[in-house]
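Colleague: I've never looked at this one before. Can you walk me through it?
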Amino acid sequence: MLTMLFDALLGLGLVVAALGALWSRDLFRAVVLFIVFGLLVALAWIRLQAPDVALAEAAIGAGLTGALLLDAIGHLRRTPRPEKS
Amino acid sequence: MNRARAFASGALSVGMAVMLGSAVLTREFPPFDLAVDLAEGIPRSGVAHPITAVLLQFRSYDTLLEIAVLLVAVVVALALRDPTPADESSPESVILDSVINTPVLTSLTMTLLPLMTMTAVYLLWAGAFQPGGAFQAGAVLAALGVLWRVSGRRTGPFAANRWSHVALLAGFAGFLAAATTTLLFGRPLLAWPSSYAGAIIVAIETVLTVSIGISLLGLFASAPAPGDERV
Amino acid sequence: MSAELWYALVGVVLVAAAFGAFMAHTHLLRRLLAFNIMGTGCFLILVGLAQHERAPDPIPQALVLTGIVVAVASTALALILFRRWFAATGRTTLPEEDDG
């Protein structure tokens, strides 16, 4: 019963985090929610009895992809846009 | 966005949900169960952990192609990075874009350097009989590299020297060499002999770890810097 | 409904929502996020469906492991291309998107 509740909440959290990542007005907030989504998916992999996938998702899927996206967004903010010809 | 686009996207989304949902709910399992065949094949695969066995013994072709994809991505990333400006003659003078030069981060990185290296080696070794393996260890190494670069250590341009080229290529080259060596002995491609399979898999995983770590770091480090308007 | 089927259905919702967002947005980074979430949803469907009422199956898990690495490689490459595009043109959308 408790595991059913946990699965329900985790699934709901996954969908909410994904919707936030997809539809947030602020791009930075979208990427942060994407990282949150990645970590929740790692929890889901644990519940699906896939610890290797959970490790890889947390490190590569959430961690490295999040770092890449944050780097790109910071670059967007800092670069002065060149003149459009 | 205009209403037509919003409506079309919504309709496509709902249609996709209905299609996939009905497919998932009315699934039919095939009459065979691969997991049973896998469990029977584990003892002669050389490793005890089923995922490592699948990745490097039973479906090693997929892993070989995956490393090739990673290598191609890194090569393209390196090709598209900004060339070192002409006045930066010494390799140590590259200051990175995303640097957070605080004492806490610097000392944390120095403390974590040996710990994360040890963790990566342990994950690599433990992959033979429990969750772990080359990808997880490579990810830890890549994270270490990212920390190193972000904490303000002055480094040269990524992949500027020969050893980093060797590290990038070693995974794919080693794997391909091992795969084709089996052909020389009259066996099919990637068919490790049962008595040596464990040792071969550990050796391949080692070079894979180094390669994956350097490749993932290269993907992070090859991003163009600001102010680079040259295409 | 077992836990695995529940996660497979969550994966279905993720794929559908991300697909809609991919179609709706024009900003390239948002499309990249949607693409990644679609991929993760596919992985959840793959493993959830395979393990529904069956023992944990290492084969789809290994395929997902491979998929995660390939996804990060393509995301990184897409980001580098995007940054090149942004440095060259100063825009975050593709040219044909501008006319509504």
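Predicted model: local features only at pLDDT ≥ 70, side-chain atom pairs only at ≥ 80, totals over all residues.

Colleague: OK, at what angle do H2 and H3 of chain C pack?
Modeller: About 175°, with the axes of H2(C) (residues 28-50) and H3(C) (residues 58-89) 10 Å apart. Axes are lines fitted to C-alpha atoms over the stretch in contact, and angles run from 0 to 180 degrees between N-to-C directions. H2(C) and H3(C) are therefore roughly antiparallel, a label for angles over 145 degrees. Helices here are DSSP runs (H or I, at least four residues).

Colleague: Which residues of H2(C) and H3(C) meet?
Modeller: Among them are C:Leu32, C:Gly39 and C:Phe43 in H2(C), and C:Val64, C:Gly67 and C:Ala71 in H3(C). Contact needs C-beta atoms, placed from the backbone, within 7 Å.

Colleague: Switching topic, how many residues does the contact between chains B and C take from each?
Modeller: Chain C gives 34 residues and chain B gives 40. On the chain C side, H3(C) supplies the largest share, 18 residues.

Colleague: And what about H1 of chain B, which residues are buried there?
Modeller: B:Ser13, B:Met16 and B:Leu20, where buried needs 20 or more other C-beta atoms within 10 Å of the residue's own. What covers the buried residues of H1(B) includes H1 (3-24) of chain C.

Technical notes: Residues numbered from 1 in each chain as written. Chains lettered and ligands numbered in written order. Buried ≥ 20, exposed ≤ 12 C-beta atoms within 10 Å, placed from the backbone. Helix = DSSP H or I, 4+ residues; strand = E, 2+ residues; numbered from the N terminus. Contact = placed C-beta atoms within 7 Å. Parallel < 35°, antiparallel > 145°, perpendicular 65-115°, else oblique.
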